[in-house]
Amino acid sequence: MANSGFQLLGYFLALGGWIGIISTTVLPQWKQSSYAGDAIIMAVGLYEGLWMSCASQSTGQVQCKIFDSLLSLDVHIQTCRALMVISVLMGFIAIIVSVVGMKCTKVGDNNPSTKSKIAISGGSLFLLSGLCTLVAVSWYATQVSYHFFDPNTPINARYEFGPALFVGWAAAILMMLGGSFLCCSCVNEERRGQQFYRQSQPSTAREDELLSETSFPD
């Protein structure tokens, strides 16, 4: 029963992380204009994400423009796009696989060993999905930091971390934590099963010897 609760906890953590990854992918606030130092505080705030750039005015009006050309984008933006899309797809597959493999579901209940292996596969996919998100968000943040501290970058053209990066880091941690819970719960269950099997072996052997002596007396 404890393992079922542990699996449910891991599943819902990973599910929350997957929702966070989707939000991170579509949000345009991966980086935002900086007002540090001698930068002039403008009435327009600039934001940029993986798919579009936006300008927010002090009146509350927001105008966004989708990136026209894929090939004209920087390499790190193209790579982050690919990693985030792969992460979302792997997370979706992991959600389905984990439901089949968890103990609290009746699908494939006739073969507990197979269910355990399926749950481990789902947890591994959650881990890979979270890792892809972590790499993408961290790489993008590294590029933002590099250009911010680059002396050749004009002060008014510098950007800082946007809210989407922090959402991405939190989502990646939740996803990897949930995947780890799923994998660990199933591995511990398999180990207990192996130990029980090994402990039951000697008694079975002794019972066979007693049966053979009873069946064929001297």
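Trainee: Why is Asn156 called partly exposed?

Mentor: Its relative accessible area is 46%. The scheme is this: buried means under 20% relative accessible area, exposed over 50%, and partly exposed in between, using a 1.4 Å probe and protein chains only. The 46% of Asn156 falls in between, so partly exposed it is. Before you go on: this is a predicted model, where local features need pLDDT of at least 70 and side-chain atom pairs count only at pLDDT 80 or more, while totals for chains, interfaces and linings use all residues. Residues are numbered from 1 along each chain as its sequence is written, and side-chain values use heavy atoms, with hydrogens and water left out.

Trainee: Where does Asn156 sit?

Mentor: In the loop between helix 3 (112–149) and strand 5 (159–161). Those elements are DSSP runs, numbered from the N terminus: helices are H or I with at least four residues, strands are E with at least two. On that basis the chain has 4 helices and 5 strands, running α-β-β-β-β-α-α-β-α from the N terminus on.

Trainee: How far apart are Asn156 and Ser33, in sequence and in space?

Mentor: They are 123 residues apart in sequence and 8.0 Å apart in space, C-alpha to C-alpha. Ser33 belongs to strand 1 (residues 31–33).

Trainee: What makes Ser33 buried?

Mentor: A relative accessible area of 10%, which is under the 20% limit.

Trainee: And which residues does Ser33 touch?

Mentor: Gly45, Leu46, Arg158 and Tyr159, leaving aside residues up to four places away in sequence. A contact here means heavy atoms within 4.5 Å. For the chain as a whole, take contacts between residues at least 6 apart in sequence: 68% of them join residues at least 24 apart.

Trainee: How do you know that Cys54 and Cys64 form a disulfide?

Mentor: Their sulfur atoms are 2.0 Å apart. The criterion is a pair of cysteine sulfur atoms within 2.5 Å, so the pair qualifies. The structure holds 1 disulfide. The link is right-handed, with 105° about the S-S bond. It joins distant parts of the chain, Cys54 in strand 3 (residues 52–57) and Cys64 in strand 4 (residues 62–66), 10 residues apart.

Trainee: Buried or exposed, what about Cys54?

Mentor: Buried, because its 7% is under the cut-off. Cys64, at 45%, lands in the partly exposed class.

Trainee: What makes Glu48 and Lys31 a salt bridge?

Mentor: The rule asks for a side-chain nitrogen of Lys or Arg within 4 Å of a carboxyl oxygen of Asp or Glu. Their closest N and O atoms are 3.9 Å apart, so they pass. The pair ties together distant parts of the chain, Glu48 in strand 2 (residues 44–48) and Lys31 in strand 1, 17 residues apart. Glu48 at 16% counts as buried, and so does Lys31 at 17%.

Trainee: How many salt bridges are there?

Mentor: The structure holds 2. Asp68 and Lys65 form one of them, with closest N and O atoms 3.9 Å apart, and both residues are exposed.

Trainee: Where does UniProt place the "transmembrane region" feature?

Mentor: The unreviewed entry gives residues 6–27, 82–102, 123–141 and 161–188. UniProt positions follow the numbering used here, feature names are shortened, and annotations may be inferred rather than shown by experiment. In the model, residues 6–27 are 95% helix and 0% strand, their end C-alpha atoms 32 Å apart. Residues 123–141 are 100% helix and 0% strand, with end C-alpha atoms 27 Å apart.
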